[in-house]
Amino acid sequence: MTGALARLRGLALILPGAGWLALFFLVPLAIIFVVSLGDRGALDRIDLSSPSFDNYARAFDPVFLATFLNSVRFAAVTTILCLLIGYPIAYWISRYGGRRKVLLLILVMLPFWTSYLIRTYSWMIVLRDNGVVNSLLQALGLTSQPIILMNTELSVILGMTYGFLPFAILPLFVSIDRLDPSLVAAARDLYATGRSAFVNVTLPLTMPGIVAAGLLTFIPAIGDFVTPDLLGGPETTTIAKNIQVLFLANRDWPYGAALGFVLMVVTLAGTLVAIRTLRREVVGS
Amino acid sequence: MTDRHAHDGSSIDLEKALVRYMVERRISRRQLLETIARVGPAAALAPVIAACTASPPASASASPSATPGASAGSPSASAEPTPLPSPESELFIYNWTDYLADEVIASFESSYGVKVTQSFFSTTDEMYTNLGTDGGGYDLSFPISVDIPGLIEKGTIIELDPAFLTNIGNLGAEWANPGYDPGNAHSVPYMWWTTGVGYDTARITDELTSSNALWDARWANHISMLDDWQEVFGLTLIQLGYSANTENTSELDEALARLQEQKPLVRTYSTDTIGTMTSGDIWIGHIWGADRYAIQEVNENVVYYIPEEGGVKGSDALAVMSGAPHPIAAQLFINHVLDAKNSAANTNLIYYMGPNAAAKEFILPEILDDPTINPDQEIVDKLEELLSLSQDVRDEYLSRWQQLRG
């Protein structure tokens, strides 16, 4: 009797979350899928009278391949950079932050207090031909002509890494902070060098945090639209931009929905592989 | 800026909404300052304040005495010169801020005994949303020409009664039969503008006249093009001697090849031309002519020209809504705006040329002498308006656009 009651109470607890997900994730996802089966009718309305998978065949048009690879490359490089930069920061805050840990974490999140768009526009001021970096290089006599930084892959990756870094630091911090320091101490007692203790103890035990940080960076990064569009140039078009063009310029919502759905499935598949690898690595051992 | 490009402007256009948020000023600050100097800040800013607070003056159904738009819009086809019906006592205009001269409204009010109420929008998205399918309670508004076929199809605007439009002969010959609305049956053009080239004279000392300058390797990495497929293809097609609205795919292929030649030189494709042209990165850019004032405010060295090969022009039009509570007053007002002196007064306020040939003698010399506002007839003849293309044709353009941008 009490067991059933407890289970009921448990259900009540997840109800808001489940309802939220159903309403704002599953329902839109279903709508996207249904739309993707339709046809663009007269006046650009969505025509669902003869559903088919034709749009999916079109979604694999090779013209999209280059932009898809751009998206994957930007997201992958951004994720790796975020982990490489974020891990030492998270480690340092956890181990040496002391009483200031909370303050330091607030500093990590501080950029969120300003609109992402404004921060991205600020990068333009830093990177443009007569911007901060080029002025500095020229004042130091290192270059005579401005180096082109804006509207390049470099500016896109800089902007994305900057934008996603806090999303990587927070889960990394949690998993590093939860690691019992006495395990590292024990490794050192057993004559492990500092490096060997890190590679064999700290790193594997914080792997869940690394994977979480990687996913939290990679998934939004692959769909990022604003950063490549604002900081990028002619060669940095992403798949998200193609989807936008299909929706707004072609006004072909079914086609755009199909391409969007394919992107989602690819991302989901990647995520599942990552999680499975993690489970094997952490739970399996 | 230019969200006249409503063909791109569905409601979820995140990027454009964001960019607009950063840069959009339909009326440039320079013009606003001039207005302030002329009439004082309170009066100059009143429309801005009104725009922030205004709501539709009344819903169509709220005025039971209203004459249904359709009945007035479709004339009873009597050849007899029957006296025109007298106008209603009010007129609701939905407009851009500072887009109609005060004296034009005042003279209409006094000669017809109609009280004119204006409400304001600041983007075309806002306008079309609030107009809905029947005008949302407004009588008259200013849709972009390229959207007129869609508005006719959806029944948002009515067919105009020629009996009211006694001044229509004032229109220049090139406006008598526009592609978007043959015979001006549903709309009357109001103002027109161009898309062209802006360049920084501090960087580029040559005097430029051709759109080929956007392909000049000397400015490599400092060239920007609009992130707007129809504008970019329009410029290129006209440069190649074709129509900006061509349906010939081999002409489109040629334009694509020409654009692919240019791509390695291009720094960015962007609609935020005010941002790019003032960043210092761009020396020469494909820009909406109306943006030049905002650009010149930051960098006075930037000049604008319409390519000698011709270019893309845009226009907006006066149209009466199908749910208009006061369709007679609205049509009489359109005729009032068609009057040469009134048309000139509007041009003198906003520095756009109107389609009104008779108005020229009343327009300020500084406007008439500016070839970027009032180009020579030779160039005017080579300007072409972008049309709303059929789905298949649009897809032909866009598959090539994706190839270029991919």
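Predicted model: local features only at pLDDT ≥ 70, side-chain atom pairs only at ≥ 80, totals over all residues.
Reader: What hand does the crossing of α8(A) and α9(A) have, and which residues of α9(A) make the contact?
Author: The crossing of α8(A) and α9(A) is right-handed. From α8(A), the contact takes L183(A), V184(A), A187(A) and R188(A). On the side of α9(A), the residues are A197(A), N200(A), V201(A) and T202(A).

Reader: By class, how many residues of the contact of α8(A) with α9(A) are charged?
Author: Five residues in the contact of α8(A) with α9(A) are nonpolar and two are polar. The charged count for this contact is one.

Reader: Now α3(A) and α10(A): at what angle do they pack, and how far apart are their axes?
Author: Helix α3 of chain A covers residues 65-96, and helix α10 of chain A covers residues 207-222. α3(A) passes α10(A) in a right-handed crossing. The angle is about 145°, and the axes are apart by 9 Å.

Reader: How many charged residues are in the contact of α3(A) with α10(A)?
Author: The α3(A) side includes F74(A), T78(A), C82(A) and G86(A), and these residues belong to a set that meets, among others, I210(A), G214(A) and F218(A) in α10(A). By class, the contact has 10 nonpolar and six polar residues.

Reader: Stepping back to chain A as a whole, which element has the lowest mean pLDDT?
Author: The mean pLDDT of chain A is 92, with 98% of its residues at 70 or more. There are 13 helices and two strands in the chain. Among the elements, α7 (residues 153-178) has the highest mean, 96, while the lowest, 87, belongs to helix α13 (residues 253-282) of chain A.

Reader: Of the contacts in chain A between residues at least 6 apart in sequence, what percentage join residues at least 24 apart?
Author: Chain A has 285 residues, of which 32% count as buried. Its C-alpha trace spans about 80 × 75 × 35 Å along the principal axes. For those contacts, the share is 72%.

Reader: Which element gives the largest share of the side of chain B that touches chain A?
Author: In all, 26 residues of chain B are in contact with 28 residues of chain A. The elements of chain B giving two or more residues are α1 (14-23), β6 (266-269) and α16 (391-405). The largest share, seven residues, comes from α16(B).

Reader: Is N221(B) buried or exposed?
Author: N221(B) lies in the loop between β4 (188-200) and β5 (223-225) of chain B. Its phi is near 70°, a positive value in a residue other than glycine. Since the cut-off is 20 or more C-beta neighbours within 10 Å and N221(B) has 20, this residue counts as buried.

Reader: And Y351(B): buried or exposed?
Author: Y351(B) sits in the loop between α13 (340-350) and α14 (365-368) of chain B, with a positive phi near 60°. With 21 other C-beta atoms within 10 Å, Y351(B) is buried.

Methods
Residues numbered from 1 in each chain as written. Chains lettered and ligands numbered in written order. Helix = DSSP H or I, 4+ residues; strand = E, 2+ residues; numbered from the N terminus. Buried ≥ 20, exposed ≤ 12 C-beta atoms within 10 Å, placed from the backbone. Left-handed = near helix turned anticlockwise from the far one by under 90°. Contact = placed C-beta atoms within 7 Å. Nonpolar A, V, L, I, M, F, W, Y, C, P; charged D, E, K, R; others polar. pLDDT = per-residue confidence, 0-100. Axes fitted to C-alpha atoms, helices over the stretch in contact; angles between N-to-C directions.
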